[in-house]
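Please find below a short note on the structure under review. It is arranged as numbered points.

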Amino acid sequence: MRIYKVGGAVRDRLLGKPVTDIDWVVVGTTTEEMLAKGFRPVGADFPVFLHPKSGEEYALARTERKSGRGYGGFTFHASPEVTLEEDLIRRDLTINAMAEDDQQNLTDPYHGQRDLEARVLRHVSPAFAEDPLRVLRVARFAARYAELGFNVAPETLELMRQLSESGELEALTAERSWKEISRALMEDQPQVFLEVLRACGALRVLMPEVDALFGVPQPEAHHPEIDTGVHTLSVLEQAARHEQPLTVRWACLLHDLGKGLTPEEEWPRHIAHEFNGLKLIKAVNERFKAPRDCQELALLVGEYHTHGHRALELKPSTLLELLQSFDVYRRPQRFEEFIAACEMDARGRKGLEQRSYPQADYLRGAATAARSVAVQPLLEKGFKGPELGEAIKRERLKALKVYKEST
Ligand code: CTP
């Protein structure tokens, strides 16, 4: 039995990056022997085990053959005869297909080290096509290592294009796709993830609503970058630069989907794009089964982001409606995230990245004013049920009028 460290742990050590997860591959053994040594099997589908003490993953060297469509369609062949090289050749990228023994001797039959130095994300072999999720993985690695100067090899991009056109991406489960998308959005340069997906035609398959934004113009006065797709990626870039959480990044990506529906004769204006986009945001949310907080924020930001930008001009009654829609009394954090998304939208415009956004503090002040209305005195006056609700609203409106006049 020979044991090697593989995949991300080897790659990241060579890149001088911190190693978090370690994956191991075991050559020359059987499931029975692993079980006898106290390893615990992971699920029924893969010849993968957890180490009895460290809990790290140990996989038997295996070859894979595709037997059908989608991720379920695999047959595995794991036996003591499968060599390390045979195991490595079925992996996604050359930089992920290196192995290391306990003396740090590198096994690198597919030149991962050379590609690491050349900053190239290159597939190992045609077996890449066995798992369509790899299209998303490569785009995610491109986002993660963009700052180091990595690019996708042309032949790998071509293979990704073929996979995208083949219909295989549609067979991915929502859960697997979301895992990649959410991880990619949390990278430092999430816009690169989308650029790579777009370049290989995968964006058109996965999120046609986002893909449709490219080529759609906006008024130059507010959007010097003009193109809605370019703007969307800049908003996402700003969100990463300001270290926003996943909820905000997801909302940034989807906030302008309605602009893709505007009839060409109305360009570059986009009347009611906020409302028009809601059904598209809902569709994307549901397609990937995004977590509830991401779904909610994306819909709210889609509907109200222009309210955010016009905050200082809003009538007190409109401000109140906005605060009520967000339920700022019980969900203050969600309103903060809305403000952050609006600010990223305002900064994600060519040449305006450093602009100030006074709307943010103004909205926070409005929320504080509305929240300062005390319920107790109204209860003491005898209000109850729906009347109490109306009385609270009246008092909040008064507070917002005072607030607006004082600022
Ligand atoms: N792998 C693959 N194809 C996949 C998933 C994984 O070939 N669809 C292989 C790669 O060799 C990868 C290894 O399995 O390096 C471990 O996968 P995983 O833990 O998902 O990724 P890491 O490469 O460790 O990357 P990360 O840092 O993103 O976890």
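1. The model is predicted: local features need pLDDT of at least 70, side-chain atom pairs count only at pLDDT 80 or more, and totals for chains, interfaces and linings use all residues. Residues are numbered from 1 along each chain as its sequence is written, and side-chain values use heavy atoms, with hydrogens and water left out.

2. Asp-12 lies in helix H1 (residues 8-15); helices are DSSP runs of H or I with at least four residues, numbered from the N terminus. With a relative accessible area of 10%, Asp-12 is buried (under 20%, 1.4 Å probe, protein chains only).

3. Beyond its neighbours within four places in sequence, Asp-12 is in contact with Lys-17, Pro-18, Val-19, Arg-144 and Tyr-145 (heavy atoms within 4.5 Å).

4. Helices H12 (residues 246-254) and H17 (residues 332-347) pack at about 45 degrees, their axes 9 Å apart; axes are lines fitted to C-alpha atoms over the stretch in contact, and angles run from 0 to 180 degrees between N-to-C directions. Thr-247, Val-248 and Cys-252 of H12 meet Glu-337, Ala-340, Ala-341 and Met-344 of H17.

5. Helices H15 (residues 292-309) and H16 (residues 316-326) have axes that come within 12 Å and cross at roughly 160 degrees, which makes H15 roughly antiparallel to H16. On the H15 side, Leu-300, Tyr-304 and His-307 meet Thr-318, Leu-322, Ser-325 and Phe-326 of H16.

Key:
Helices (H or I, at least four residues) and strands (E, at least two) are DSSP runs, numbered from the N terminus. Buried means under 20% relative accessible area, exposed over 50%, partly exposed in between (1.4 Å probe, protein chains only). Angles under 35 degrees count as roughly parallel, over 145 as roughly antiparallel, 65 to 115 as roughly perpendicular and the rest as oblique.
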